[in-house]
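Please look at the sequence and the structure shown here, and then read the briefing that follows, which is grouped by topic.

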Amino acid sequence: MSLLSVRNMKTDIGQYAVLHDVSFEVPEGGVFVLLGRNGAGKTTTLRSIIGLWKPSPGSVTFRGEDITALHTADIARKGIAYVPENMGIFGTLTVDENLILATRNGRFDAARLARIHDLFPALAQFRDKQAWSLSGGQKQMLSIARAMIEPRELILIDEPTKGLAPSIVDAMADAFREIAQTTTILLVEQNFAFARALGRDMAVIDDGRVAHAGSMDDFAADTALQDRLLSLSV
Amino acid sequence: MTALTTTLGRAGGVNLLPLAVALIAFVLIGAPSSWVTLTVAGLAMGMMLFLMASGLSLVFGLMDVLNFGHSAFVSFGAFVSASVLAGLGGWLAADSWALNALALAASYLAAILFGLIAGWFFETVIIRPVYRDHLRQILITIGAMIVAEQTILAFWGGTPYSVGRPAFLEGSWIIGDVSIEIYRAFAFALGVAVFVMLYLVLNRTRIGLLIRAGVEDREMVEALGFRVDRLFIGVFMLGSALAALGGAMWAGYETLITPHMGADLMIVVFIVVIIGGLGSIEGTLLGALLVGLMSNYVGFLAPKLALASNMILMVAILLWRPNGLRPAVK
């Protein structure tokens with residue numbers, strides 16, 4: 001049984017139909033990548049999974065349980081974390097306050113915090129700093145750290161490398177590999193090199209529909225398919 | 001210029017504005033005794049405006065809700081408090097400091113309790129159906145304000161209602177040439193106490209952390225596993241209770257109240273919220289103190305400009321800082 005199953009999902013935003021028919025299965029463990037051109041519907045897919053937009057019709061099941069109609073907060077409490085494209089950092093809160101907000105009981109698990117500080121040393125250095133004053137890369141690290149501060153089964157991450165320097169992207173890739181050892185990641189990404197380095201399975205969304213799904217190795221080997229679906233050559 | 005900005009920032013930045021206004025007024029007024037009287041009056045007025053405005057600011061910041069009916073809580077708070085004081089007229093007139101204080105405390109508690117219950121009702125019945133729809137929010141909350149005003153008219157009548165004041169808050173302290181009205185000093189002290197409590201709740205508790213985060217990004221707080229809609233009910237009730245307390249204190253300040261007092265005050269309350277920066281308690285306090293001081297100083301120096309002074313202040317601040325002095329979101 002897959003960890004997350006999205007079936008025939010259709011999502012409208014206002015009067016616009018953004019997703020027409022999205023279906024894919026995310027297996028447990030590793031990194032599952034959603035690829036697609038700008039405006040294809042990748043972000044809408046993640047927001048529909050976490051409940052910020054409600055699909056109709058269509059269903060989202062997590063560990064076999066239908067979570068389509070649940071409130072976003074209740075979906076999150078099932079063990080699903082969400083890292084949005086804009087990072088969703090609370091700028092006036094300190095780094096530690098951003099992290100502690102994501103804990104269940106308002107206290108840090110020392111081992112988890114230590115792991116986060118190992119992965120992202122800047123967060124240890126700027127614990128009492130207000131988050132708005134961090135650099136773009138540090139904000140992205142904080143956003144991902146917040147998703148890791150509690151045990152999660154699935155982390156939805158929307159374009160984490162957008163606008164980041166290459167050295168930070170490399171550090172991010174290392175962090176994702178380590179996170180993926182214990183937590184499944186559903187990653188939306190436009191940086192194909194980054195996605196290929198991490199992804200085991202993948203799907204391509206095009207015009208609100210899943211145009212292709214399969215293994216990342218197969219997709220990476222098929223440049224004609226990449227050209228057709230992503231309009232890029234790697 | 002950069003060095004000056006940095007130095008001012010380190011010294012307190014925009015927090016120094018009320019002090020700057022007070023110092024300029026000191027020079028313009030000339031007479032120290034008049035200046036002290038006006039300053040105390042301005043600070044007292046500012047703290048009462050802060051109580052009325054803080055809830056409105058948080059409600060807008062947290063849920064993006066424009067509540068023009070907020071004035072109903074101010075008016076009802078004033079009338080409920082005044083009625084309790086009238087009912088406890090014996091205690092109020094008694095030659096006992098304790099009984100006087102008990103009557104005042106009971107009147108404030110009644111206003112707060114009314115605010116809490118009315119706030120719950122208002123949020124559940126009127127606000128909830130119009131989340132995310134500003135036009136309908138404006139229409140329905142203005143409608144609610146009119147209904148509230150008419151309800152007060154039906155219960156208390158249209159003639160100005162006299163508000164009793166405990167004996168220990170009557171009169172003034174005379175220090176040299178300076179006269180300080182006791183009620184104003186009391187209103188300022190009570191306002192400061194409420195601000196400190198509010199500040200501690202927002203900055204030292206988990207609920208406060210959630211409210212501050214929710215003001216910045218409600219969706220993200222929900223994605224972290226918290227029901228902001230449930231948190232909002234609590235914030236709305238708290239805001240309504242504070243507005244009712246502000247109304248009760250204003251009633252004691254004015255001693256004569258009318259059903260439209262809340263609506264009259266709302267323009268100033270909105271100015272305070274906009275000047276301070278939406279969703280920010282510290283900003284609201286700053287805005288309230290500035291408006292309170294400016295109203296009193298300008299009322300003394302140039303009475304014809306008194307009404308316009310707050311508008312001019314708002315325009316000047318928004319030209320300088322379009323998001324207000326201390327916006328909650330950075």
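A:Arg115 is partly exposed, with a relative accessible area of 24% (buried means under 20%, exposed over 50%, and partly exposed in between, with a 1.4 Å probe and protein chains only). This is a predicted model, in which local features need pLDDT of at least 70 and side-chain atom pairs count only at pLDDT 80 or more, whereas totals for chains, interfaces and linings use all residues. Residues are numbered from 1 along each chain as its sequence is written, chains are lettered from A and ligands numbered from 1 in the order in which they are written, and side-chain values use heavy atoms, with hydrogens and water left out.

**Salt bridges within chain A**

- Over all chains the structure holds 19 salt bridges (a salt bridge is a side-chain nitrogen of Lys or Arg within 4 Å of a carboxyl oxygen of Asp or Glu).
- A:Arg115 forms a salt bridge with A:Glu178, the closest N and O atoms being 3.4 Å apart.
- This pair links distant parts of the chain, since A:Glu178 lies in helix 7 of chain A and A:Arg115 in helix 4 (residues 110-119) of chain A, 63 residues apart (helices, H or I with at least four residues, and strands, E with at least two, are DSSP runs numbered from the N terminus).
- A:Glu178 is partly exposed, with a relative accessible area of 32%.
- A:Glu28 and A:Arg63 meet through their side chains in a salt bridge of 2.6 Å, N to O.
- A:Glu28 lies in the loop between strand 2 (16-26) and strand 3 (31-35) of chain A, and A:Arg63 in the loop between strand 4 (59-62) and strand 5 (65-66) of chain A, so the pair ties together parts that are 35 residues apart in sequence.

**A network in chain B**

- Salt bridges also link B:Arg165, B:Glu170, B:Glu181 and B:Arg184 in a network.

**Where chain B meets chain A**

- The contact (heavy atoms within 4.5 Å) takes 19 residues from chain B and 28 residues from chain A.
- Between them, chain B and chain A bury about 2,100 Å², 60% of it on carbon and sulfur atoms (buried area is the accessible area, with a 1.4 Å probe, that two parts lose on being put together, summed over both).
- Across this interface the rule finds three salt bridges, and a salt bridge also joins the side chains of A:Asp74 and B:Arg227 (3.4 Å, N to O).
- Helix 9 (206-216) and helix 10 (218-223) of chain B each supply at least two residues of the side of chain B that touches chain A.
- Helix 9 of chain B gives the most to that side, with six residues.
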